[in-house]
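Hi,

Here is the structure I promised to pass on to you. Have a look at it first, and then read on for what turned up in it.

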Amino acid sequence: MPPSSPFPDHTLDSAPADSRRAMEATTRHLGYLPSAVARLAASPQLLDGFQRLAGLFEATTLDPVAREVIVMVVVVRNECHLCVAMHTGKLVALGADEELIAALREQRPLADERLEAVRQFTLAVLATAGGVDDRTFGAFLAHGYTERNALEVVLGIATYTLSTLANRLTRAPIDPQIARAAAPAG
């Protein structure tokens with residue numbers, strides 16, 4: 001049984017009025033209202049801010065799998081089990097193979113050199129609070145990434161740090177709709 005939370009699972013009727021638009025949009029997009037969104041609705045600004053940042057990150061020039069590598073680095077590092085399940089499901093939907101998913105979940109190097117370069121760069125940005133050395137930056141660029149992509153990595157880190165911290169604070173449970181993705185890959 002998950003630990004109790006002081007954050008209620010808001011409904012459209014109980015949520016602050018400024019959270020309802022984001023809740024409705026999420027429900028339309030996913031077909032259900034995730035508990036995480038229902039709990040984050042306690043702060044309309046946080047909920048709206050996360051959704052806007054996530055939309056901006058989705059619009060970056062990084063390819064979808066590279067974006068998910070960045071997300072998985074952050075959510076696994078921050079031990080957000082809900083986020084790991086959600087983004088495992090997203091990787092499956094993108095056609096990622098089981099080995100890639102398992103390696104990300106287990107914090108192991110990736111077989112794909114280009115994806116490993118984005119994983120290593122993300123780890124370096126996190127470890128150095130953005131103070132990445134020239135060698136590490138050069139290795140990232142050598143795999144076909146750009147200065148723009150480097151800043152997009154920072155956007156992904158910021159977006160999913162916000163999400164993981166909020167989801168852990170609210171103790172958002174894994175919804176039945178994504179429970180299967182919560183199980184270890186393999």
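To start, which side chain does Lys 90 meet in a salt bridge? The partner is Glu 58, with 3.0 Å from N to O. Because Glu 58 lies in helix 3 and Lys 90 in helix 5, this pair ties together parts 32 residues apart in sequence. Glu 58 is partly exposed at 31% relative accessibility, and Lys 90 is also partly exposed, at 30%. Please keep in mind that this is a predicted model.

The structure holds 10 salt bridges. Another one joins Arg 39 to Asp 9, where the closest N and O atoms are 2.7 Å apart. This pair links distant parts of the chain, with Arg 39 in helix 2 and Asp 9 in the segment before helix 1. Arg 39 counts as buried, at 11% relative accessibility, whereas Asp 9 is partly exposed, at 41%.

Glu 116 is buried at 13%, and Arg 119 is buried at 6%.

Now for the largest pocket, which holds about 840 Å³ of space. Lys 90 turns up again here: among the 27 lining residues, those closest to the centre are His 29, Leu 30, Met 86, His 87 and Lys 90. The lining divides into 15 nonpolar, 9 polar and 3 charged residues.

Enjoy exploring!

Key:
Residues numbered from 1 in each chain as written. Predicted model: local features only at pLDDT ≥ 70, side-chain atom pairs only at ≥ 80, totals over all residues. Heavy atoms only, no water. 1 Å grid on protein atoms, 1.4 Å probe; cavity = no way out; pocket = protein on both sides within 12 Å on 5 of 7 lines; lining within 4 Å. Points joined across faces, edges and corners; volume = space filled by probe spheres on them. Nonpolar A, V, L, I, M, F, W, Y, C, P; charged D, E, K, R; others polar. Salt bridge = Lys/Arg side-chain N within 4 Å of Asp/Glu carboxyl O. Helix = DSSP H or I, 4+ residues; strand = E, 2+ residues; numbered from the N terminus. Buried < 20%, exposed > 50% of the residue type's maximum accessible area, 1.4 Å probe, protein only.
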